[in-house]
Amino acid sequence: MNQRLLRLLPARLHDLLVELDGHRRITRSINAAKASGDQDATAVFHTGTLAAALTRQGMFRRGDEVLAYAQLVLAKDGTMHRYNALFAGDTNKGDLMAYPRFTLEPRWIDVDVTGERV
């Protein structure tokens with residue numbers, strides 16, 4: 001077997017397992033929200049764990065569902081508390097969101113509105 005392939009295989013397998021675990025947690029949170037009677041979650045979320053983790057179309061569909069749910073919750077409730085609570089349960093080990101979050105610091109922003117360096 002190709003030596004490069006043997007070196008990449010564990011990394012690819014690890015990435016796949018992390019992806020599956022993350023989507024499994026998200027799906028568990030969604031199912032818990034549906035079971036508790038969240039009609040918006042029932043109306044919006046339809047993509048399963050395997051489709052979201054293993055296919056490009058499923059990944060995009062899951063992202064669209066999360067966005068649609070956020071917009072629906074904000075429009076109905078006026079806050080994002082219910083949206084944040086969906087992903088903050090024990091199924092996500094206390095993480096606020098199952099998706100990566102980035103913190104921007106002021107020194108990172110060095111381009112003005114026209115795109116010219118300041």
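Is K76 buried or exposed? With a relative accessible area of 56%, K76 is exposed, the terms being set by relative accessible area as under 20% for buried, over 50% for exposed and partly exposed in between (1.4 Å probe, protein chains only).

1. Basis of the note. The model is a predicted one, in which local features need pLDDT of at least 70 and side-chain atom pairs count only at pLDDT 80 or more, while totals for chains, interfaces and linings use all residues. Residues are numbered from 1 along each chain as its sequence is written, and side-chain values use heavy atoms, with hydrogens and water left out.

2. Overall fold. The protein chain contains five helices and zero strands, where helices (H or I, at least four residues) and strands (E, at least two) are DSSP runs numbered from the N terminus. In sequence order the pattern reads α-α-α-α-α.

3. Burial and surface. Of the 118 residues in the protein chain, 25% are buried. The accessible surface amounts to about 8600 Å², and carbon and sulfur atoms hold 59% of that area; accessible areas come from the Shrake-Rupley method with a 1.4 Å probe, and for residues only the protein chains shown count as cover.

4. Contacts along the chain. Among contacts (heavy atoms within 4.5 Å) with a separation of 6 or more, 47% join residues 24 or more positions apart.

5. Nonpolar core. A nonpolar core is a set of buried Ala, Val, Leu, Ile, Met, Phe, Trp, Tyr and Cys residues joined through side-chain atoms within 4.5 Å. The largest one here has 13 residues, and F45, Y69, Y83, L86 and F87 have the most contacts inside it. Two or more residues of this core come from each of α1, α2, α4 and α5 (81–86). The largest contribution, four residues, is that of α4.

6. Side chains of opposite charge can pair when their charged atoms come close. The count is six salt bridges, each being a side-chain nitrogen of Lys or Arg within 4 Å of a carboxyl oxygen of Asp or Glu. D21 pairs with R24, with 2.6 Å between the closest N and O atoms. These two residues are three residues apart in helix α1 (residues 3–35), a separation of about one helical turn. D21 also pairs with R25, at 3.0 Å between the closest N and O atoms; D21 and R25 are four residues apart in helix α1, again about one helical turn. As to accessibility, D21 is partly exposed at 24% and R24 is partly exposed at 35%, whereas R25 is buried at 16%.

7. The salt bridge of D40 and K76. The side chains of D40 and K76 form a salt bridge of 2.7 Å, N to O. This pair links distant parts of the chain, since D40 is in helix α2 (residues 39–44) and K76 in helix α4 (residues 56–77), 36 residues apart. D40 is buried, with a relative accessible area of 7%, while K76 is exposed. A network of salt bridges connects D38, D40, K76, D77 and R82. Beyond its neighbours within four places in sequence, D40 is in contact with Y69, L72, K76 and R82. One of these, Y69, is also listed among the core residues with the most contacts inside the core.

8. The loop residue T47. T47 is placed in the loop between α2 and α3. This residue is buried, its relative accessible area being 9%. The side chains of T47 and E65 are joined by a polar contact of 2.7 Å. A polar contact is a pair of N or O atoms within 3.5 Å; within protein, one must be able to donate a hydrogen and the other to accept it, and residues adjacent in sequence count only if both atoms are side-chain atoms. Leaving aside neighbours within four places in sequence, T47 is in contact with A52, G58, R61, R62 and E65.

9. The helix residue T49. Which residues does T49 contact, leaving aside its neighbours within four places in sequence? They are L20, H23, R24, T27 and R62. T49 itself lies in helix α3 (residues 49–54). The C-alpha atoms of T49 and R28 are 9.2 Å apart in space, and the two residues are 21 residues apart in sequence. R24, in contact with T49, is also the residue that forms a salt bridge with D21 at 2.6 Å.
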